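This briefing is meant for a reader who is meeting the structure for the first time. Please keep the sequence and the model side by side while going through the points below.

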Amino acid sequence: QVQLVESGGGLVQAGDSLTLSCADSGRSFSSFAMGWFRQAPGKEREFVAAIRWSGGDTYYADSVKGRFTISRDNAGNTGYLQMNSLKPEDTAVYYCAAQTIAFGDYDYWGQGTQVTVSS
């Protein structure tokens, strides 16, 4: 059973940093890949970053590359998204998701956490 809960969102100013957390209350966190997605008002949900189960491979959307860092602590069943140099266009609801089947869809999602960046 995978249950993801995001936290760490909030209201910040442009240029600030924020770290999102994604905690899994299940027992299989270390066995699946994890991703972060976001959805801004009036826009479709978009990919932000992903990390393989081992933490050895990471992937980023071009819009966040160099500013965001995805990581995971398998012992603590928690994933993270470190966001630096935030921009107003980063404002969105951020979701973490689990890919429990290799190369499959993201099949478990958290409830989302709001990130608002003011200019």
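This is a predicted model: local features need pLDDT of at least 70, side-chain atom pairs count only at pLDDT 80 or more; totals for chains, interfaces and linings use all residues.

Is serine 21 buried or exposed? Serine 21 is buried, because its relative accessible area is 18% and the cut-off for buried is under 20%.

**Serine 21 and its surroundings**

- Serine 21 belongs to strand β3, which covers residues 18-24.
- Leaving aside residues up to four places away in sequence, serine 21 is in contact with Val5, Glu6 and Ser7, with Trp36, and with Thr78, Gly79 and Tyr80.

**Aromatic rings**

- A pair of aromatic rings is described by how far apart the centres lie and by the angle between the planes.
- The count of aromatic pairs in this model comes to five.
- One of these pairs joins phenylalanine 37 and phenylalanine 47 in an edge-to-face arrangement, with 5.7 Å from centre to centre and 75° between the planes.
- This pair links distant parts of the chain, since phenylalanine 37 sits in strand β4 (residues 33-39) and phenylalanine 47 in strand β5 (residues 46-51), ten residues apart.
- Phenylalanine 37 counts as buried at 10% relative accessibility, whereas phenylalanine 47, with a relative accessible area of 31%, is partly exposed.
- Phenylalanine 37 also forms an edge-to-face pair with tyrosine 106, for which the centres are 5.0 Å apart and the planes stand at 75°.
- Because phenylalanine 37 lies in strand β4 and tyrosine 106 in the loop between β9 (92-99) and β10 (108-109), this pair ties together parts that are 69 residues apart in sequence.
- Phe37, Phe47 and Tyr106 belong, together with Trp109, to a cluster that is linked by ring pairs.

**Charges over rings**

- Tryptophan 109, a member of that cluster, has arginine 45 over its face, at 3.8 Å from the ring centre.
- Elsewhere, the charged end of arginine 72 is placed over the ring of phenylalanine 29, at 4.5 Å from the centre of that ring.

**The largest pocket**

- Empty space is found by rolling a probe the size of a water molecule over the atoms.
- The largest pocket holds about 230 Å³ of space.
- Its lining is made up of 14 residues, and those lying nearest the centre of the pocket are Ala33, Arg52, Gln99, Ala102 and Phe103.
- By type, the lining of the largest pocket divides into ten nonpolar residues, three polar residues and one charged residue.

Definitions and conventions: Residues are numbered from 1 along each chain as its sequence is written. Side-chain values use heavy atoms; hydrogens and water are left out. On a 1 Å grid over the protein atoms alone, a cavity is a set of points where a 1.4 Å probe fits but cannot get out, and a pocket is an open set with protein on both sides within 12 Å along at least five of seven lines; lining residues have an atom within 4 Å of a point. Grid points are joined across faces, edges and corners, and a volume is the space filled by probe spheres set on the points. Ala, Val, Leu, Ile, Met, Phe, Trp, Tyr, Cys and Pro count as nonpolar, Asp, Glu, Lys and Arg as charged, and the others, Gly among them, as polar. Helices (H or I, at least four residues) and strands (E, at least two) are DSSP runs, numbered from the N terminus. Buried means under 20% relative accessible area, exposed over 50%, partly exposed in between (1.4 Å probe, protein chains only). Contact means heavy atoms within 4.5 Å. Rings of Phe, Tyr and Trp (its six-membered ring) pair if their centres lie within 6.5 Å; planes under 30 degrees apart count as stacked, over 60 as edge-to-face and the rest as tilted. A charge sits over a ring if NZ of Lys or CZ of Arg is within 6 Å of the ring centre and within 35 degrees of the ring normal.
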